[in-house]
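Keep the model open as you read.

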Amino acid sequence: MASSLQQLIDELNVIAPPAMAESWDNVGLLVGDPARDISSVMLCIDYTAAVAKEAAETRCDFIIAYHPPIFSPLKRLVTGSVVFDAVRRGVAIYSPHTALDVADGGTNDVLADVLGLRERVPLKPTAATATQYKLVTFAPATTIESISQALFAAGAGEIGNYTSCSFLSIGKGTFFGEDGAEPTVGEAGQLEMADEIRMETIVPVDKVSAVIAALRKTHPYEEPAFDLLQLAASPSGKGIGRVGTLSPAIERAELFSTIKRELGIDHLLIAGPTTGAVAKAAVAAGSCGDLLDTAIAAKVDLFLTGEMRHHDALKAAAAGVTVVCTLHSNSERVTLKHLRSKLAEKFPELAFHQSAMDRDPFSIR
């Protein structure tokens with residue numbers, strides 16, 4: 001049996017919404033036609049030539065590659081490229097990357113589960129994007145209702161399940177009409193004071209142009225006065241990495257063994273203290289040395305990640321923080337099993353494979 005590629009894309013977008021990805025990333029469908037049907041899916045971290053050969057042998061027509069095989073703009077697409085081969089064979093490729101890192105139950109939550117972190121929160125909260133403006137305008141009381149209705153019809157005034165939301169207050173407006181002015185109230189050439197209503201309402205970013213056009217069309221004044229204020233976004237509660245507690249505290253040696261067992265690896269790179277109990281820890285999949293200062297500031301005992309620069313490891317050790325590096329993709333690969341289970345439950349008619357050829361390019365001998 002088969003399912004449409006679009007159905008899987010929709011589900012992947014629910015699991016790891018692309019909007020949560022880092023701005024520099026390239027996530028989502030990278031190769032393929034969403035309208036076509038697929039029957040077999042392969043999951044991997046890196047879509048290498050070995051993985052492509054494995055996918056062809058198992059007749060997989062959809063690849064979920066955690067790392068995007070198309071990252072920088074391509075200048076040519078020729079024989080020998082795994083992307084060219086995928087296009088030629090009609091194989092679709094999707095990458096969730098940092099969207100999956102941020103997502104609840106995604107890469108970093110899976111890594112936090114390895115340590116058993118409790119009361120976990122993002123190590124680096126994602127900056128939320130502002131999505132609304134506040135519009136403030138002033139008009140005579142006799143016209144405020146018609147202006148309000150026009151603004152609401154254009155998309156203003158929606159808060160959750162409520163519409164036509166605004167705040168009205170009474171005040172005085174002043175103006176002096178210069179030569180050529182034709183004021184609706186009073187006369188040009190003298191200072192006027194008029195009773196007005198101040199109206200405040202919310203406007204979504206994508207409705208601003210339509211709402212301002214509606215204001216200008218319905219307002220009785222020759223030059224309607226208004227303020228348009230961008231509102232700060234509410235914290236999203238999402239972010240990269242996780243930090244949390246271990247209760248009861250666990251000895252470092254025991255955690256080292258747990259990490260190797262759960263990630264299916266034989267060796268770890270460790271800097272800093274190797275003995276003593278860990279009561280608070282942080283995790284960040286991949287290459288996250290840039291989060292070390294945040295982890296140190298959070299007063300963690302241990303920081304689990306994929307890789308870290310030499311001088312950052314020295315800094316961690318000097319701060320009394322144990323750094324555990326697994327090699328880059330070894331910190332990410334464990335999430336594929338969980339992603340595969342979620343998708344297999346949703347699409348029981350499809351065959352899901354986790355690549356056996358996908359592995360970190362480095363090994364320790």
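Two residues are in contact when heavy atoms lie within 4.5 Å. Leaving aside neighbours within four places in sequence, Ile64 is in contact with Leu12, Val41, Met42, Leu43, Cys44, Tyr94, Pro96, Leu339 and Leu343. This is a predicted model: local features need pLDDT of at least 70, side-chain atom pairs count only at pLDDT 80 or more, and totals for chains, interfaces and linings use all residues. Residues are numbered from 1 along each chain as its sequence is written, and side-chain values use heavy atoms, without hydrogens or water.

Ile64 belongs to the largest nonpolar core, which has 46 residues. Such a core is a set of buried Ala, Val, Leu, Ile, Met, Phe, Trp, Tyr and Cys residues joined through side-chain atoms within 4.5 Å. Buried means under 20% relative accessible area, exposed over 50%, partly exposed in between (1.4 Å probe, protein chains only). Leu8, Val41 and Phe62 are among the residues with the most contacts inside this core. Helix α1 (residues 5-15) gives the core its largest share, five residues. Helices (H or I, at least four residues) and strands (E, at least two) are DSSP runs, numbered from the N terminus. A second, separate core has 21 residues, including Phe256 and Leu302.

Now turn to helix α6 (residues 144-153). Its buried residues are Ile144, Ile147, Ser148, Ala150, Leu151 and Phe152. They pack against β8 (132-139), β9 (167-176), β10 (191-204) and α7 (208-218). Gly155 follows α6, with a positive phi near 120 degrees.
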